[in-house]
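Biologist: I'd like to learn how to read the strands and the core of a model like this one. Can you walk me through it?

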Amino acid sequence: MIEIDIKKKLNIDNGGQLLKFTGKLPLHTVTKITGPSGAGKTTLLKIIAGFISPELGRISVNGSIWLDTEEKINLSPQKRLAGFVFQDYALFPHMTVLQHLQYATKGAQWINRLLHMAELTAFANHKPMHLSGGQQQRLAVIRALATKPKLVLMDEPFSALDIKTKLRFLPALNGLFAEMQTTAIIVSHYPHELDVFAGNGISMGE
Ligand SMILES: Nc1ncnc2c1ncn2[C@@H]1O[C@H](COP(=O)(O)OP(=O)(O)OP(=O)(O)O)[C@@H](O)[C@H]1O
């Protein structure tokens, strides 16, 4: 179980808005987060990953404390070991597709499997600027999975994919999550695109 109870001030320069989130998210399944723009979905994912610190709160994962502002505990992102798919992909411009994956793992078979799933095998030696938006996004997804993280946090990870690609890629991803017993938290503006994943939905800011 991931137990979250946090408070974070948002928009400090613009009047202030409080992001309050309390929830218990089950392990080994997908939690789907939706909500209007500005509700704080990205901020919540970054707080769970450890990239942003809330003013107040507590996060524990399977009993181990990642954050406790009262106890002054705040594990670094490196210690939380979550895979993260950023909304803007955050790829390395100077690295090829293959190098992105080799940076994360030495497992050649695993890399080949991820490339195949993302339909990127033929593009292994391409740098991001020579990939389409959808290919870049699929690379961001498989890079996040390359270290075989127990927890994957994905921010709008399918927004650049066309419907046919989604119909192939999402079920494959779902199968991989089941096989690896992955806990995933996925933010999407389109809740129905996540129907392939069993799991709970959370609506923020409505
Ligand atoms: N590190 C931060 N500290 C304080 N406020 C922040 C921080 N990062 C973003 N914000 C503010 O928090 C608000 C919510 O942003 P966030 O990106 O989390 O929303 P969102 O629900 O993901 O929106 P979208 O669906 O448009 O991506 C924004 O108004 C933003 O300016």
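This is a predicted model: local features need pLDDT of at least 70, side-chain atom pairs count only at pLDDT 80 or more; totals for chains, interfaces and linings use all residues.

Biologist: What do β8, helix α6 and β9 make together?

Modeller: A right-handed β-α-β unit, with α6 spanning residues 163-180. On β7 (residues 83-85), three bridges link to β8, again in parallel, and V85 has M154 as its bridge partner there.

Biologist: Why is β8 described as largely enclosed?

Modeller: Count the buried residues: five of the five in β8 (residues 151-155) are buried, so the rest of the structure largely encloses the strand. Check each face too: L151, L153 and D155 are buried on one side, V152 and M154 on the other.

Biologist: And which strands pair with β3?

Modeller: β9 (residues 183-187) does, in parallel over four bridges, with I185 as the partner of T31.

Biologist: How many residues are in the largest nonpolar core?

Modeller: The general idea is that nonpolar side chains tend to be buried together in soluble globular proteins. Here that core has 47 residues, and I185 and I186 are among those with the most contacts inside it. Helix α5 (residues 133-145) gives the most, six residues. Beyond its sequence neighbours within four places, I186 has contacts including V30, I33 and M154.

Note on methods:
Residues are numbered from 1 along each chain as its sequence is written. Two strands pair if DSSP finds at least two bridges between them. Helices (H or I, at least four residues) and strands (E, at least two) are DSSP runs, numbered from the N terminus. A nonpolar core is a set of buried Ala, Val, Leu, Ile, Met, Phe, Trp, Tyr and Cys residues joined through C-beta atoms within 7 Å. A residue is buried if 20 or more other C-beta atoms lie within 10 Å of its own, exposed if 12 or fewer, and partly exposed in between; C-beta atoms are placed from the backbone. Two residues are in contact if their C-beta atoms, placed from the backbone, lie within 7 Å. A crossover is right-handed if, with the strands pointing away from the viewer, the path from the first strand over the helix to the second runs clockwise.
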